[in-house]
Amino acid sequence: MQRNRPILLGIVGDSAAGKTTISAGIEKILGPDRVTNICSDDYHKFNRVQRAEKNISALHPDCNYIDIMQHNFYQLRRGEAILKPVYNHHTGDFDPPVYIEPKEFVIVEGLLGFYTKKMRDAFDVKIYLDPDEELRVDWKFKRDTVKRGYTRDQVQASLDKRIDVSTNYIRPQRKFADIVCNFYRPDGAEEETGTNLNTNLILRPTIHHPDFAEFIDHRPGTKEKCLTFTLGRDEGLPVDILQITGNIKQMTAETLMDIIIDHLDKCDDLTIDGVGCYFEGDEEKTSYPLGITQLLTCYHLMNAKMNA
Ligand code: G6P
């Protein structure tokens, strides 16, 4: 069925929580022709020099144009074009704004996307990325030294400086998400093992989820420790928890992905290509927990589209 309104996905998480990686995978599954991807870092109020002078972190709401961001989210949701600011991570300053027309799906990734109720209400699907802290810190060191040209000492200083602002403003947004995605290392692994990372997906009853219980209980060969579906509590409320470990058997993972793809097929004639990719530079490796997370998100977006 042809719908006019773009469907908005919000992906929020602390610095280097994996937002860009997840967004890229979702865009790849749905196809770049159907997805507009924006990053809310572009709404920083001050450039790097000004932030240093004012001693304010980029993560602080006062350092971001929350009102403009909010306004732009609703314009995109209505299908209207926006003139979006651009923050350049290389120069630490702003580039000229760009004209953005929303496609069928709009992914907004950033630090403060769920900060106000009005912002949250703009999204059809909300995801909060909550990797284990040691993993996030590892990712932060890697990204900021390799891609952003900082030394390890500078990254450490920035992490130390940001603890309070992250605790007070970023992490509290976790409770507003429909899905919380917690990646963690296998026991005993000290290195970042992207393809083997385990994930807990906390599924809140704020949106409709596929019936994993039926799949896990009745499909032969799926009663493995690497895939569990349990009822739990999170932030004091009952939730479903889908736990997928990185060593999940290929057959099990692919069967689970097929179930989700079947659902997607019912919503849309989507050609799924490149699921399960773990992006690191130009390399693509298969991470089933990540692939399943990305596919599941596409399922939610398609569902939202049907009901919009
Ligand atoms: C962190 C955040 C970014 C933010 C940046 C600004 O790294 O994850 O999203 O834009 O801080 O700081 P910068 O390194 O560009 O001065």
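Two strands are said to pair if DSSP finds at least two bridges between them, and strands (E, at least two residues) and helices (H or I, at least four residues) are DSSP runs, numbered from the N terminus. With those terms in hand, six bridges join strand E7 to strand E8 (residues 198–203), and these strands run antiparallel. This is a predicted model, in which local features need pLDDT of at least 70 and side-chain atom pairs count only at pLDDT 80 or more, while totals for chains, interfaces and linings use all residues. Residues are numbered from 1 along each chain as its sequence is written.

**Strand pairs**

- Strand E1 (residues 7–13) pairs with strand E6 (residues 125–129) in the parallel sense over five bridges, and Val12 has Tyr128 in E6 as its bridge partner.
- E6 also pairs in the parallel sense with strand E7 (residues 179–184), over three bridges, and here the bridge partner of Ile127 is Ile179 in E7.
- In the antiparallel pairing of E7 with E8, Phe183 stands opposite Thr199 in E8.
- E9 and strand E10 (residues 237–244) are joined in the antiparallel sense over eight bridges, with Gln243 in E10 as the bridge partner of Thr228.
- E9 and E10 form a hairpin with two residues between them, and Glu235 in the turn has a positive phi of about 50 degrees.

**Helix H6**

- Helix H6 (residues 152–170) spans only 23 Å between its end C-alpha atoms, whereas a straight helix of 19 residues would span 27 Å at 1.5 Å a residue, the expected span being 1.5 Å times one less than the number of residues.
- H6 bends by about 50 degrees at Arg162, the bend being the angle between axes fitted to the seven residues ending there and the seven starting there.

**Ligand surroundings**

- The ligand is surrounded by Ser15, Asp41, Arg48, Ala58, His89, Gly92, Leu111 and Arg148, each counted if its C-beta atom, placed from the backbone, lies within 6 Å.

**Annotation from the record**

- UniProt, in an unreviewed entry, places the feature "domain: Phosphoribulokinase/uridine kinase" at residues 9–181, and such annotations may be inferred rather than shown by experiment.
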